[in-house]
Amino acid sequence: MQPVRVQCRGTLGARLSRPHAVVTLAAKDTKAAPSVSKNAAAKAEPKTHDSVKTPSKPVADSKPTGVHTTTFQNPRGGSQSIVAKPGANVYSAADWSGLHLPASCKQGSCSSCVCKVLEGNVHHKSNPACLTPKLKAEGYVAICVASVSGDATLLTHQGVLVRRERAAEEDRMQHRHG
């Protein structure tokens, strides 16, 4: 019998920055220990074993049913996508998938996690104190208290911009009343 190669990639089809490992198991030989070849997944080609063919595309390209894809775009041009169940907290899902985004309070008051919605629908589960009605109308969301209701694309690292806008707005209010 030929060995069967299994590619380990994580759960829910989340994209990983590097493959974990390729595990080779001997079919029908239950006493043989599996051999592990780290970082060999990138070189692995589709293999056929009896009538089972391993997929030619990475596991991350096939999205399980009942989940949404959220793409995070970095202002410097990079992007990374994750998948999560409907109603899942955006920040927690990203963190769980290995995407570490800025956050401090995780309650919607500090603006560290603020992103701008480029596509899709993102809803706040609670009212974030860090966002003014004007900023919300412009599409900014505090992902630590938000969830998506479908596929979405978010521009990350917008906290500094939001803090500047809030400071400028507070200055304008003081000059009007002050």
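# Close-up views of the predicted model

**View 1. Serine 111 is placed in the loop between H1 and strand S8 (114-119)**. Helices here are DSSP runs of H or I with at least four residues, strands are runs of E with at least two, and both are numbered from the N terminus. This is a predicted model in which local features need pLDDT of at least 70 and side-chain atom pairs count only at pLDDT 80 or more, while totals for chains, interfaces and linings use all residues. Residues are numbered from 1 along each chain as its sequence is written, and side-chain values use heavy atoms, with hydrogens and water left out. Serine 111 has a phi near 75 degrees, which is a positive value in a residue other than glycine. Most residues other than glycine have a negative phi. With a relative accessibility of 3%, serine 111 counts as buried, a class that means under 20% relative accessible area, whereas exposed means over 50% and partly exposed lies in between (1.4 Å probe, protein chains only).

**View 2. Histidine 157 sits in the loop between strand S12 (152-155) and H3**. Its phi is near 60 degrees, again a positive value in a residue other than glycine. Histidine 157 counts as partly exposed, at 42% relative accessibility.

**View 3. Glutamate 165 has salt bridges to lysine 134 and to arginine 172.** A salt bridge is counted when a side-chain nitrogen of Lys or Arg lies within 4 Å of a carboxyl oxygen of Asp or Glu. The side chains of glutamate 165 and lysine 134 meet at 3.2 Å, N to O. Glutamate 165 belongs to helix H3 (residues 159-177) and lysine 134 to helix H2 (residues 133-137), so this pair ties together parts that are 31 residues apart in sequence. For the salt bridge between arginine 172 and glutamate 165, the closest N and O atoms are 3.5 Å apart. Glutamate 165 is partly exposed, with a relative accessible area of 23%, and so described too are lysine 134, at 41%, and arginine 172, at 37%.

**View 4. Arginine 166 and glutamate 170 form a salt bridge, with the closest N and O atoms 4.0 Å apart**. Both residues lie in helix H3, where they are 4 residues apart, about one turn of the helix. Arginine 166 is partly exposed at 25% relative accessibility, as is glutamate 170, with a relative accessible area of 46%.

**View 5. The largest cavity holds about 40 Å³ of space**. On a 1 Å grid over the protein atoms alone, a cavity is a set of points where a 1.4 Å probe fits but cannot get out, and its lining residues have an atom within 4 Å of a point. The count comes to 1 cavity of 30 Å³ or more. The lining of the largest cavity consists of His68, Thr70, Ile82, Ala84, Lys85, Ala88, Val90, Ala93 and Val148. Strand S6 (68-73), strand S7 (79-84) and helix H1 (90-96) each supply at least two residues of this lining.

**View 6. The chain contains 3 helices and 12 strands**. Of its 178 residues, 33% count as buried. Among the contacts in the chain with a separation of 6 or more, 55% are accounted for by residues 24 or more positions apart, where a contact means heavy atoms within 4.5 Å.

Conventions: On a 1 Å grid over the protein atoms alone, a cavity is a set of points where a 1.4 Å probe fits but cannot get out, and a pocket is an open set with protein on both sides within 12 Å along at least five of seven lines; lining residues have an atom within 4 Å of a point. Grid points are joined across faces, edges and corners, and a volume is the space filled by probe spheres set on the points.
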